[in-house]
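Subject: Structure handover and notes

Dear colleague,

I am passing on the structure we spoke about, and I would be glad if you could read the notes with the model open beside you.

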Amino acid sequence: MSTPSIMPLDQMREAVTALDTPLFSGLPGDINASFEFFPPKTEKMEEKLWAAVQELAPLHPSFVSVTYGAGGSTRERTHNTVARIIGEAGLPAAAHLTCVDASKAEIREVAEQYWEAGVRHIVALRGDAGEPGAPFVPHPDGYKSAADLVSGLREIADFEISVAAYPETHPDADCPQSDLDNLKRKLDAGATRAISQFFFSADTFFRFRDAVAAKGINAPILPGILPVTNVAQARKFAGACGAKIPPWMDGLFDGLDERPAARQLVAATVAAELCRRLYAGGVRDFHFYTLNRADLAYAICHMLGMRPKKGPQ
């Protein structure tokens, strides 16, 4: 009979606390949070985004990031959004950059514009080509992978670089090990950290963290948290990134289509419990996919003990 593994004392204490006391009582707020936004397409969406940025700014996030897609208009919106966050909100902002439909010269131009705007952090991604399931085809004069993009950015300026990680394996990967190999290539190329795609089980992240460590990777891996208010939308996101929507989630939101306040409460509860389980397992850094809304991310951070801080960002 095998000998059971012994849980470290601090994790045992956390486990007991999680079972014997109110789940979120007495947390010291010793966490760091970062938040992801997408660039607005209309003036009304810009107002909503800016309201979210201002609501989350007092939490002094480690950084905020702004997504990016192929095409000039998206690039321009991303640049303007990031520049405004840095200039007006005074927050450290990271700009996403992908390989899609761009030559190395075009990427250099965009990266140099970011640097001139005060951006010192890039989220470097391969990117996806159009429709879900469509194969990625690199630009003939562009970078062929995220690892190549990281290497290229290292030659342009001294950026801090984050890359993506996939706890449930990227859909394009042959197997989990090849996906881990790709993650290692990105980090070996000069990336600072990885940000995970969203997931809905703490065990999924812990297993992935163990696999990453076994691969000899010691860079920080930030868990990506997506508070879900729309299961159909989440399922669409999940299909593109390899995440799994647990069957119980449909049941939780069943009958709430016309009850937005109830959906918000359920979403916050599910995501906060996931974060609390991650916290019990030693996680102290969280990355929230906000979908340009502040309320859920703010509530979860508050439940984890985080409070607004005084003074400059």
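Predicted model: local features only at pLDDT ≥ 70, side-chain atom pairs only at ≥ 80, totals over all residues.

Residues are numbered from 1 along each chain as its sequence is written, and side-chain values use heavy atoms, with hydrogens and water left out.

Helices (H or I, at least four residues) and strands (E, at least two) are DSSP runs, numbered from the N terminus. Helix α4 covers residues 104-116, and its 13 residues, at 1.5 Å a residue, should span 18 Å, which agrees with the 18 Å between its end C-alpha atoms; the expected span is 1.5 Å times one less than the number of residues. The buried residues of α4 are Ile107, Val110, Ala111 and Tyr114, where buried means under 20% relative accessible area, exposed over 50% and partly exposed in between, with a 1.4 Å probe and protein chains only. Seen down the axis of α4, these buried residues fall within an arc of 95°, so they line one face of the helix; the arc is that of the directions from the helix axis to the C-beta atoms. Ala105 and Glu116 are exposed on the face of α4 turned away from its buried side.

Phe159 sits in the loop between α5 (146-156) and β5 (160-165), and it counts as buried because its relative accessibility is 1%. Leaving aside residues up to four places away in sequence, Phe159 touches Ala111, Trp115, Val119, Arg120, His121, Ile122, Leu153 and Arg154, contact meaning heavy atoms within 4.5 Å.

In α5, the buried residues are Ala146, Ala147, Leu149, Val150, Gly152, Leu153 and Ile156, and what covers them includes β3 (93-98), α4, β4 (121-125), β5 and α6 (176-188).

As for cavities, on a 1 Å grid over the protein atoms alone, a cavity is a set of points where a 1.4 Å probe fits but cannot get out, and lining residues have an atom within 4 Å of a point. By this rule there is one cavity of 30 Å³ or more, and the largest cavity holds about 60 Å³ of space, a volume being the space filled by probe spheres set on the points, which are joined across faces, edges and corners. Helix α10 (residues 260-280) gives the most to the lining of the largest cavity, with four residues.

Best regards

Notes: 1 Å grid on protein atoms, 1.4 Å probe; cavity = no way out; pocket = protein on both sides within 12 Å on 5 of 7 lines; lining within 4 Å.
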